[in-house]
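Subject: Structure handover

Hello,

Here is the structure for you to take over. My notes come after it.

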Amino acid sequence: MNLHSKLGKIAGGLAMAGLSFAATPAMGNMPADTVVKATGNPIFTHKYTADPAALVHKGKVYIYAGHDEAPAPREGYVMNEWLVFSSEDMVTWTEHPVPLAAKDFKWASGDAWASHVIERNGKFYWYSTVTHATKPGKAIGVAVADNPIGPFKDAIGSALITNDMTTDTNISWDDIDPAVIIDDKGQAYMFWGNTILYYAKLKENMIELDGPIKKVSNLPHFTEAPWVHKRKDWYYLSYAYQFPEKTAYAMSKSLDGPWEYKGILNELAGNSNTNHQSIIEFKGKSYFIYHNGGIQTQGGSFRRSVCIDYLEYNKDGSIKRVQMTSEGVKPAK
């Protein structure tokens, strides 16, 4: 038995005993349902995790993340699957079995890029970026499950969005990074894009478009990674700004706009060219969930890791600039 196998067995035993186990990314996969206790940022150190999408459901936070798997010292993204972690306090996390992989979309050739999970009518819908096998470019698929940890399966059997549906730019990766929100009237919207921000309404079944694809055209330096959330009377649209990426945001009273640009929200996230965020409220506090390159040693900016810091609002509803910390957040109560 090699060292990695021995460490894996130790980790499994600790998890069964309710203890945490921290490791290095070089260890590879840990046993399913392993408890990992964050001691600061990044919160996960046993695997490289990127593009976090967070969901609050029944007293738990779920983080869905891409898995950077490229071996050192290779530069470039190798992403075959997504991971899911859950927590009741934002500090002690349970890693569950892999819920979805790019190969689960039979029409896709690979590349498990950024995604988003949302619940509706007791079902959990996972909007996922992959590379299409027969149509050039990136595409967005939808998977579905009866619970937030899956397993998930392809809900359509084909892509929801393909590159030939958006022709405003000649790049093949403008259909990435889906972000979905349901407004107070029950209308679902999906935002996505690279260099151009697209959005469209979704039907109640969550697997069909409900009208034309539209564009948000007044956001300065929009790159990618939209995230939309609501607080009180305001909708907030945050996104990756320029490249290397900061995070900026805009505000609106309506998901159809107009959006008013408000400024930078997060600075360059150390050692990572990309910046990809989730914003949630949980147990009375607001959180900014993102990734940085804080634990990688080789591979340039292609070894990313999820971090969490607090998010604070001003009295007028605008958001204070995020303070990225090494300490992270305290247990939520």
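Below are the notes on confidence, one lysine, and some backbone features.

This is a predicted model, in which local features need pLDDT of at least 70 and side-chain atom pairs count only at pLDDT 80 or more, while totals for chains, interfaces and linings use all residues. Residues are numbered from 1 along each chain as its sequence is written, and side-chain values use heavy atoms, with hydrogens and water left out.

Confidence

The protein chain has an average pLDDT (the predictor's confidence in each residue, from 0 to 100) of 91, and 90% of the residues score at least 70. By element, the lowest confidence in the chain is in helix α1 (residues 3-16), with a mean of 37, and the highest is in strand β13 (residues 188-192), at 99. Helices (H or I, at least four residues) and strands (E, at least two) are DSSP runs, numbered from the N terminus. Over residues 1-24 pLDDT stays under 50, and the model has 32 contacts beyond four places in sequence for them; a contact means heavy atoms within 4.5 Å. Where pLDDT is low, the predicted coordinates should not be read in detail.

Lys-47

Lys-47 sits in the loop between β1 (34-37) and β2 (48-57). Is this lysine buried or exposed? Lys-47 counts as buried because its relative accessibility is 4%; buried means under 20% relative accessible area, exposed over 50%, and partly exposed in between (1.4 Å probe, protein chains only). Its side chain makes a polar contact of 2.5 Å with the side chain of Glu-95. A polar contact is a pair of N or O atoms within 3.5 Å; within protein, one must be able to donate a hydrogen and the other to accept it, and residues adjacent in sequence count only if both atoms are side-chain atoms. Leu-83 is 36 residues from Lys-47 in sequence, and their C-alpha atoms are 9.7 Å apart.

Backbone features

Gly-150 and Pro-151 are joined by a cis peptide bond with omega of about 10 degrees; Pro-151 is in the loop between β10 (138-145) and β11 (153-154). Phe-243 and Pro-244 are also joined by a cis peptide bond, with omega of about -5 degrees.

Gln-242 is a non-glycine residue with positive phi, near 60 degrees, and counts as partly exposed at 28% relative accessibility. Met-206, in the loop between β14 (197-202) and β15 (214-216), is a non-glycine residue with positive phi, near 70 degrees. Met-206 counts as buried because its relative accessibility is 0%.

Regards
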